[in-house]
Amino acid sequence: MTLRERGDRIARVGAVVTAAALLGLVGVYVRALVYTPVEAAQGAAQKIFYVHVPSAWACLMAFVVTGLLSILYLWLKDRRIDLAAAASAEVGLAFATIMLTTGPIWGKPIWGTWWTWDARLTSTLFLFLLFVGYIVLRGVLTDPGVRGRFSAVIGIMALFLVPFIHLTVYLFRTLHPAPIILKPSRPSLPGDMLATLLLSVGVFTVLYLGFVMLRYALGLLREAREEELADAS
Amino acid sequence: MGPTLRAAWHIALKDVAIEWRTKTAFASGLVFAVLVLAVLFFSRDPTTVSSTDIAPGALWVTFTFAAMLGLNRAFLIEREQRALDGILLTPTPPVAIFWGKFAANLAFVGTIEAISLPLFVLFYDVPIWVRFGELVLVIAMATIAFVAVGTLLSAMAVRTRYAELMLPLLLLPFLVPPLVGGVQLTARLLEGRPLSDLSGWLKLIAGFDVAFVTLAALLFQVVLDE
Amino acid sequence: MNGAVTAAAADTVLSASGVTRRFAYRTVLAGVSLSLRRGEVLLLVGPNGAGKTTLLRVLAGLLRPAKGHVERRGAIGMVAHDAMLYPALTARENLRFFARLHGIADRERVAAALEHVGLSRRADDRVGTFSRGMLQRVAIARALIHEPDLLLFDEPLSGLDAAASRTLVELLAGFRERGTAMIIVSHEMERLGRVATHMARLAAGRLGPVESLAGRDPAAVFAELMREDA
């Protein structure tokens, strides 16, 4: 199968998966807003949680996938692995953005402040910055070989960095205790809320897969076009 | 000495010789350090914020930015006349180039830090002698982290057209753990607390050093390839 | 010497087969094969952008081919368009550095190399102050310091005036006398024709037949290579 044919096929499958996920997302919204009870202490604002937490999950998944694919790429040197890693990074950036914007929107009415330097938000902020660096780097490199190798280096380094950032914030916190924060992702969620959350996480995972497929297909098609252009000249 | 160490030594010496002769990056780094220290001193309300409060942060921001000024230089000299190709045509093991550059960068950043430190004491009036030895240890450990990652990333950054932009963009997230650790440890040490109180941060920086010096050395060959 | 690799002879210094290299989606080298023996001097001609510089870099080991294989027997020295030197250091310091990386600590050898290229008087001047011709000579000294079996030259005469060119051609002729194998990329066929033993043309990433220059007029061989390609 040529690059172009494969790209077209994956784009079609990816479109179907994304469409299914978006339908699922509608279902999640309906369930969250209409059928799930309102949380006592936080009120309606708490509903953002059903988008915020799964976004963080998808972002983390994207990051780990990019890191692992980076290692795989340096080993196998197949450019499709590089394209998949890049696709995951861009999708991860999108989910990181969602997590970082829903966080403050949720936080303001509940904690009284837009931003708090807790471990999760801070780690995601740096993940966001790492993704941006990764994508900017790819943008300034023209040769696909160099681009793949340099991206892989960042991807692998980032994989090792994030646990350290998490640890840094944790240490910072224990020395500087923050005002009491509600920790809604602790297991003690009433059944209905837990079910909605899990449903949302599932839908977001499928959404991640669909987006990555579409972005990967786009990458393949771009490669195909670059090759066609180069052959013609 | 093994061939790797020998080659790394010669490369490091050569870099130091070149920097010593031109002194451009060194002079800029030093002027920059003084400026940052001074600006941060003045950018506060002196009636509510004492100089000792902001001192640790000011010191580490100074170190970080002065270091970044110098890191690109190490690989730019190799690109001027493609001297790096000359090195690659010898039997030098590629990882020796990393260690040589790492050592030279450490010398460069270390020298700037050594000169900034007395200025820091002068401007901010901090009791540095209380835990001086421990402070030097902390600075050394965090600097190793900066320089290891910075050496690897500058080797990449100089291959793009936007080296001065790409290096900070890529490097800064990686500096967060050693930087925060450095600031926290410096603050506590200046208060006179013993190092044993702060084992968490020390272990963080030590672990970071081990992980990232190893990673940088392993990944360097990937960055050298064309 | 031939363009395809059969059994490698005992005095082969270099053999490459099926070398393919791409950059930014373009194929720069498409299946290049050649082999070189001691004492042979190959003059490589061809249009700009044909891949000659890339081929030299692959042969030197600075680039890895996407496909194909290069086998080097013996040490290689290279003189390219960039001098591969540090402008802030003197000629002597530059040479000493590269000599050290080859495991050569003997200062006499550095002095001898500088003598050989006629730069003894300027040995302690910073290379950044040198003219192109002098830079070229320091670069040659650097390439020679470890007494390589094969020397690669990429447009050695470019940017040189007539006198400097003559000096350089004399140097190259001297290397040939000593039996050093060489590959010279150049379009200055008139000056270098008498130094070379063989000639070949690289165009659009493909290497044409390698012609021996024994007892033939280089210009005639050149014309023939141009015709064959058409």
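What percentage of the contacts in chain A with a separation of 6 or more comes from residues 24 or more positions apart? The number is 83%. Keep in mind while reading that this is a predicted model, and that every value here was computed from it.

Let's stay with chain A for a moment. Written out along the sequence, that gives the pattern α-α-α-α-α-α. The C-alpha trace of chain A stretches over about 65 × 40 × 25 Å along its principal axes. As for what is tucked inside, 38% of the 233 residues of chain A count as buried.

Now for the neighbours. Chains A and B touch each other, with 24 residues from chain A and 24 residues from chain B taking part in the contact. Which parts of chain A do the touching? On the side of chain A that faces chain B, α4 (119–140) and α5 (144–175) each supply at least two residues. The biggest giver on that side is α5(A), with 15 residues. Sort the chain A side by residue class and you get 21 nonpolar, 2 polar and 1 charged.

Chain A also meets chain C. In that contact, 4 residues come from chain C and 5 residues from chain A. The chain C side of it is made up of 3 nonpolar residues, no polar ones and 1 charged.

That brings us to chain C itself, which has 7 helices and 10 strands. Along the principal axes, the C-alpha trace of chain C spans about 50 × 40 × 35 Å. Of the 230 residues in chain C, 46% count as buried. And if you take the contacts in chain C between residues at least 6 apart in sequence, 70% of them link residues at least 24 apart.

Where they meet, 11 residues of domain 1 of chain C are in contact with 7 residues of domain 2 of chain C. On the domain 1 side, the elements giving two or more residues are β6 and α5 of chain C. The largest share of that side, 3 residues, comes from α5(C). By class, the domain 1 side holds 7 nonpolar, 2 polar and 2 charged residues.

Helix α5 (residues 162–178) of chain C has 17 residues and reaches 25 Å from its first C-alpha to its last, close to the 24 Å expected at 1.5 Å a residue. After α5(C) comes Gly179(C), which has a positive phi, near 90 degrees.

As for β6(C), this strand pairs with β5(C) in the parallel sense over 4 bridges. In that pairing, Gly77(C) stands opposite Leu151(C) in β6(C). Now look at how the side chains of β5 (residues 76–79) of chain C are arranged: Ile76(C) and Met78(C) point one way, Gly77(C) and Val79(C) point the other way, and all are buried.

Most residues other than glycine have a negative phi. Which residues in chain C go against that? One of them is Tyr25(C), with a positive phi near 75 degrees. Tyr25(C) sits in the loop between β1 (12–23) and β2 (26–37) of chain C. Another is Glu147(C), which isn't a glycine either but has a positive phi of about 50 degrees. You'll find Glu147(C) in the loop between α4 (132–144) and β6 (150–154) of chain C. Glu147(C) is partly exposed too, because 14 other C-beta atoms lie within 10 Å.

Technical notes
Residues are numbered from 1 along each chain as its sequence is written. Chains are lettered from A and ligands numbered from 1 in the order in which they are written. This is a predicted model: local features need pLDDT of at least 70, side-chain atom pairs count only at pLDDT 80 or more; totals for chains, interfaces and linings use all residues. Two residues are in contact if their C-beta atoms, placed from the backbone, lie within 7 Å. Ala, Val, Leu, Ile, Met, Phe, Trp, Tyr, Cys and Pro count as nonpolar, Asp, Glu, Lys and Arg as charged, and the others, Gly among them, as polar. The expected span of a helix is 1.5 Å times one less than its number of residues. A residue is buried if 20 or more other C-beta atoms lie within 10 Å of its own, exposed if 12 or fewer, and partly exposed in between; C-beta atoms are placed from the backbone. Two strands pair if DSSP finds at least two bridges between them.
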